[in-house]
Amino acid sequence: MIVAITSGKGGTGKTLIATHLAEALARLGHRTTLVDADLDLANCAVLLNETPRWTLEDYLLGRCGLEELFHETEGGFALLSPSRGALASPREAMLEVLDGALWEAQARSEFVLLDTPAGLEAPVLWALDRAHLALVVLLGEPAAVSDSYRLIKHVCALVPDYPFALMVNGVDSAEEAEQVAARFDAIVERFLGRSIPYMGHVLYDPELRQAIQRQEVLLRRAPQSPSSLGFHALAERLLHWRAELQSRTEELLLAKEA
Ligand SMILES: Nc1ncnc2c1ncn2[C@@H]1O[C@H](COP(=O)(O)OP(=O)(O)OP(=O)(O)O)[C@@H](O)[C@H]1O
Ligand SMILES: [Mg+2]
């Protein structure tokens with residue numbers, strides 16, 4: 001299952017959520033690959049304090065094989081990074097090799113998480129086009145709300161029932177997250193005539209900020225911290241969602257056969 005982590009707005013916590021969700025899924029025993037699809041400002045490897053030997057750009061330039069792209073992290077999941085430093089290759093060529101890498105990632109993992117950049121440019125649309133689910137990382141700020149809404153509106157104009165799910169980051173309580181999600185869903189319902197399921201929240205956590213500064217993964221060091229529990233619950237919710245999707249697909253297939 002491919003899940004794109006997205007938001008429209010910059011700095012909402014997409015990379016943080018993508019890296020920690022990968023860590024949480026791996027801790028629950030699920031084979032996971034995290035693909036850093038932020039081609040221009042990739043930073044999953046920095047956040048995780050990992051130094052992959054090879055990158056997608058190396059693969060594009062014929063310096064390594066497809067298999068070698070999959071860097072095994074300390075957290076027990078694979079990481080695929082676009083480049084070392086600034087990207088020198090054309091994006092179109094990178095997106096083409098990303099397709100091949102995604103194919104391989106799917107073959108070797110139960111979950112492939114795509115960390116996307118802000119905005120609505122080619123890598124975001126590439127990720128949304130390939131994902132089975134887009135997890136929208138929402139903050140309870142007007143700019144974040146309007147950017148996420150704009151992203152969803154853009155996609156719904158092309159695919160009205162695109163599978164979006166919502167999570168709220170950086171809140172002080174579960175109640176606050178639920179209120180932010182409900183307000184957002186009411187806007188989507190009113191203007192786009194559909195609903196977006198709510199998947200959970202991650203609390204604002206000063207310990208998380210400190211861990212980022214030390215290039216530590218908080219979920220690994222303090223699995224019981226408030227934000228770690230949020231990441232864990234999000235992973236559980238994703239597993240549940242996948243199980244529901246599978247049983248619905250099986251039902252449809254059985255109905256077709258009957
Ligand atoms: N739940 C949280 N608690 C504390 N700090 C947070 C939380 N979520 C995000 N942050 C802060 O926000 C910063 C930005 O997060 P992150 O890099 O994941 O955002 P992003 O959406 O990936 O940004 P970009 O759009 O630039 O890719 C983090 O480095 C961290 O300092
Ligand atoms: Mg990011």
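Two strands count as paired here if DSSP finds at least two bridges between them. In this predicted model, strand 1 (residues 2-6) and strand 6 (residues 133-138) meet that mark with four bridges, and the two run parallel. One pairing to look for is Ile5, whose bridge partner in strand 6 is Leu135.

Helix 6 (residues 142-158) packs on the sheet here, with contacts to strand 1, strand 6 and strand 7. Its direction makes about 160 degrees with that of strand 6. On to the next pairing: strand 6 is joined to strand 7 by five bridges, and these strands run parallel. Val136 stands opposite Leu166 of strand 7.

Strand 6 itself is well hidden. Six of its six residues are buried, so the strand is largely enclosed by the rest of the structure. The cover is on both faces: Leu133, Leu135 and Val137 are buried on one side, and Ala134, Val136 and Leu138 are buried on the other.

Zooming out, eight strands make up an open sheet with mixed pairing, in the order 3-4-2-5-1-6-7-8. The edges belong to strand 3 (71-72) and strand 8 (198-203); each has a single partner strand, so one side of each is left without a neighbour in the sheet. Helix 1 also packs on this sheet, touching strand 1, strand 2 (32-36), strand 5 (111-115), strand 6, strand 7 (164-171) and strand 8. The direction of helix 1 makes about 165 degrees with that of strand 5.

As for helix 1 on its own, it covers residues 14-27, which is 14 residues. From first C-alpha to last it reaches 20 Å, close to the 20 Å expected at 1.5 Å a residue. The helix is mostly covered, with 13 of its 14 residues buried. After helix 1 comes Gly29, and the phi of this glycine is positive, near 90 degrees.

Technical notes. Residues numbered from 1 in each chain as written. Chains lettered and ligands numbered in written order. Predicted model: local features only at pLDDT ≥ 70, side-chain atom pairs only at ≥ 80, totals over all residues. Heavy atoms only, no water. Expected span 1.5 Å × (residues − 1). Buried < 20%, exposed > 50% of the residue type's maximum accessible area, 1.4 Å probe, protein only. Contact = heavy atoms within 4.5 Å. Axes fitted to C-alpha atoms, helices over the stretch in contact; angles between N-to-C directions.
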